[in-house]
Amino acid sequence: MTETTQTQTMPPGGGAKPRSPEFRLAADALRGLRRDLFHDAFAYRPLPRMNADGPLTRRLSGRMREYATWTPHALIIAAGLITLLIASDGTSRGGALNAFLGLLALAPVLLTMVRPVGAFWLSMVATPVAAVLGSDWDGEWPWLSGSFACHLVVLTLVAIRTRPRTAAWMWALTGAYGMVSESAFRGGHYFGSNTMELLFVSALALLAVTVWQIRREARQEVTAQQTVTAHERSRRTLLEERTTIARELHDVVAHHMSVVAIQAEAAPYRVENPPPELERAFATIRENAVAALTELRRVLGVVRAEDYEAPDAPQPTLAELDALLANVRDAGLRVDKAVTGAVRELPQGVELSAYRIVQEALSNTLRHAPGASARVEIGYVLGGLGLRIVNGPLPELSLVKPSPGAGHGVTGMRERVSMLNGEMTAGPTEEGGYEVTVFLPVAAVSEGDA
């Protein structure tokens, strides 16, 4: 006989039936209800003070500005006192009972400042207590006037302090309580139900709060995105300026390295019968200089843009500054030049940076203050080079409007100054113009070094 074994394939999950979408939706809803209204319902969550840098509070000064930060707390206390007055005048049972009903209406409102979800539950508990103690059995049911005002204020405040989903759960539980109390406690008495009125008014309040919260979150997201974008733009601008400076300084460094390589190659021929050690030393210097030039070209290839074209002319120095000023004057800018100190030749990197700083400062004047006059001051001092470029205010009768650029000018100037360990200040003048002051240090060359 042949024994046949049948293998049954078990469904995923150990034989459990797959849940329907409706079941999963209901389970998610119950989990959300438990998380929003039951989990840590009485957790301590104090209401923060208002920001003192708001559009209104920033206009205040001194102690008044400090007091203004407590405005949310003062408004909640005022709302609580209003509910206390409404609850105290809602019945004719006597002073002690009215005072107790007023406290029942006041306590949940004040509790929203420290335990918002717990304040909702306290309001739900205080509502039937107030109804049993203060009802005349011929008025509105199940919300007395004080309970009506208290629960409406609590719903609104808790919705402001939590999130829209929590507000929706509170509104649904409020409606459920109203329907249950109407059907269970009406009995043989006739009551005018006010549950629908409370649900309608609270729905309007919660809708307004929800719209306000969504708008606030959207504004915060936009602000955060703008901050990130501005940071990335600033970072990209900084990298672009550094790349531009690196490309310009390539010619200067390459020139010096080429001179070193040529001098190292020609030096042995200037000495009669040079020793082999000297020849090997100069050969090593030349090899290192050529290798440095090769690596420098590779670095330049990394930072060079795809559309970059190497300039045919050499990098400018302060000797070409007069030509720059002539071009600026042709563009309509009245500019004067003043040179103090003994004019001397400076390192090419310093002269290139000084030229670019003056060029960028004058370009900013043309863009932001067309028709104004400018002055360029160059001071050759013992420790370096001083620059001062200042322009006057925009003429009131100027027919040319300012044309702001990309905003890279000051960043590029600061990068050049920082590269040379210099100092720079830039800002408006008292007359309404703009001033850029730069000092570029230059190490003094002693006779021994020369």
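Predicted model: local features only at pLDDT ≥ 70, side-chain atom pairs only at ≥ 80, totals over all residues.
Classified by residue type, the contact of H4 with H5 comprises 14 nonpolar and 3 polar residues, with no charged residue. Helix H4 spans residues 95–111 and helix H5 residues 116–134; their axes come within 8 Å and cross at roughly 165°. Because angles over 145 degrees count as roughly antiparallel, H4 is assigned as roughly antiparallel to H5. The crossing of these two helices, H4 and H5, is left-handed.

Helix H4 also contains Ala-99. With a relative accessibility of 42%, Ala-99 is classed as partly exposed. The C-alpha atom of Ala-99 is separated by 9.2 Å from that of Leu-85, and the two residues are 14 residues apart along the chain.

The chain as a whole contains 12 helices and 7 strands. It has 450 residues, of which 34% count as buried. Of the contacts between residues at least 6 apart in sequence, 72% join residues at least 24 apart.

Two packed helices are described by the angle between their axes and the distance between the axes. For helix H3 (residues 71–88) and helix H6 (residues 145–161), the axes come within 7 Å, with a crossing angle of roughly 160°. At this angle, H3 is roughly antiparallel to H6. The crossing of H3 and H6 is left-handed. On the H3 side, the contact is made by Ile-76, Ala-79, Thr-83, Ile-86 and Ala-87, and on the H6 side by Ser-145, Gly-146, Ala-149, Cys-150, Val-153 and Leu-157. The residues that form the contact of H3 with H6 are 8 nonpolar and 3 polar, and none is charged.

The axes of helix H10 (residues 321–330) and helix H11 (residues 348–368) come within 11 Å and cross at roughly 10°. Because angles under 35 degrees count as roughly parallel, H10 is described as roughly parallel to H11. Helix H10 contributes Leu-321, Leu-324, Leu-325 and Val-328 to the contact, whereas H11 contributes Tyr-355, Val-358, Gln-359, Leu-362 and Leu-366. By class, 8 of the residues in the contact of H10 with H11 are nonpolar and 1 is polar, and there are no charged residues.

Helix H8, which covers residues 195–266, includes Gln-213. Gln-213 has a relative accessible area of 1% and is buried. Apart from neighbours within four places in sequence, the contacts of Gln-213 are with Ala-159, Ile-160, Thr-162, Arg-163 and Pro-164. Thr-195 is likewise part of helix H8. The relative accessibility of Thr-195 is 3%, and Thr-195 therefore counts as buried, the limit for this class being under 20%. Outside the four places on either side in sequence, Thr-195 is in contact with Pro-142, Trp-143, Gly-175, Gly-178 and Glu-182.

Individual loop residues were also considered. Asp-53 is located in the loop between helix H1 (21–38) and helix H2 (63–68). The relative accessibility of Asp-53 is 45%, so Asp-53 counts as partly exposed. Once neighbours within four places in sequence are set aside, Asp-53 is in contact with Arg-58 and Arg-65. Asp-53 and Arg-65 are 12 residues apart along the chain, and their C-alpha atoms are separated by 9.3 Å.

Most residues other than glycine have a negative phi. For Asn-421, by contrast, phi is positive, with a value near 60°.

Terms used
Residues numbered from 1 in each chain as written. Heavy atoms only, no water. Helix = DSSP H or I, 4+ residues; strand = E, 2+ residues; numbered from the N terminus. Buried < 20%, exposed > 50% of the residue type's maximum accessible area, 1.4 Å probe, protein only. Contact = heavy atoms within 4.5 Å. Axes fitted to C-alpha atoms, helices over the stretch in contact; angles between N-to-C directions. Parallel < 35°, antiparallel > 145°, perpendicular 65-115°, else oblique. Left-handed = near helix turned anticlockwise from the far one by under 90°. Nonpolar A, V, L, I, M, F, W, Y, C, P; charged D, E, K, R; others polar.
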